[in-house]
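Hi,

Here is the model I promised to pass on. My notes follow below it.

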Amino acid sequence: MELLVNRPVASMPWPSFGALLSYSARPLPEPFDGPETTLWTSARIALWQAIQAFGLKPGQRVAVPAFCCGSELEPFLVAGLELTFFSV
């Protein structure tokens with residue numbers, strides 16, 4: 001089991017939802033059936049992965065919805081990004 005301290009976002013869950021789906025006999029609908037598709041059990045972790053995939057650097061500004069629960073802001077803050085809130 002991976003140690004929690006090695007995870008960039010403290011609540012990073014494991015295993016992924018994809019591992020759970022390996023037991024399912026039903027295929028996922030398109031576009032979720034692609035070979036490069038990754039499924040996550042947490043939107044927060046998916047956001048962290050998107051930040052890494054886009055190559056966002058500390059100090060860059062991103063727009064996030066003003067109406068949110070707040071927990072999904074963690075990956076942006078951990079990455080050192082500046083947040084600009086827009087109304088929904």
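**Notes on helix α2**

Helices here are DSSP runs of H or I with at least four residues, strands are runs of E with at least two, and both are numbered from the N terminus.

Please keep in mind that this is a predicted model: local features need pLDDT of at least 70, side-chain atom pairs count only at pLDDT 80 or more, and totals for chains, interfaces and linings use all residues. Residues are numbered from 1 along each chain as its sequence is written, and side-chain values use heavy atoms, with hydrogens and water left out.

At the N-terminal end, S42 caps α2, with a side-chain oxygen 3.2 Å from the backbone nitrogen of R44.

Which residues of α2 are buried (under 20% relative accessible area, against over 50% for exposed and partly exposed in between, with a 1.4 Å probe and protein chains only)? They are I45, W48 and I51. These cover an arc of only 115° around the axis (taken from the directions from the helix axis to the C-beta atoms), so they sit on the same side of α2. The face turned away from that buried side carries the exposed A43, A53 and F54.

Best wishes

Technical notes: Polar contact = N/O pair within 3.5 Å; in protein donor to acceptor, adjacent residues only side chain to side chain.
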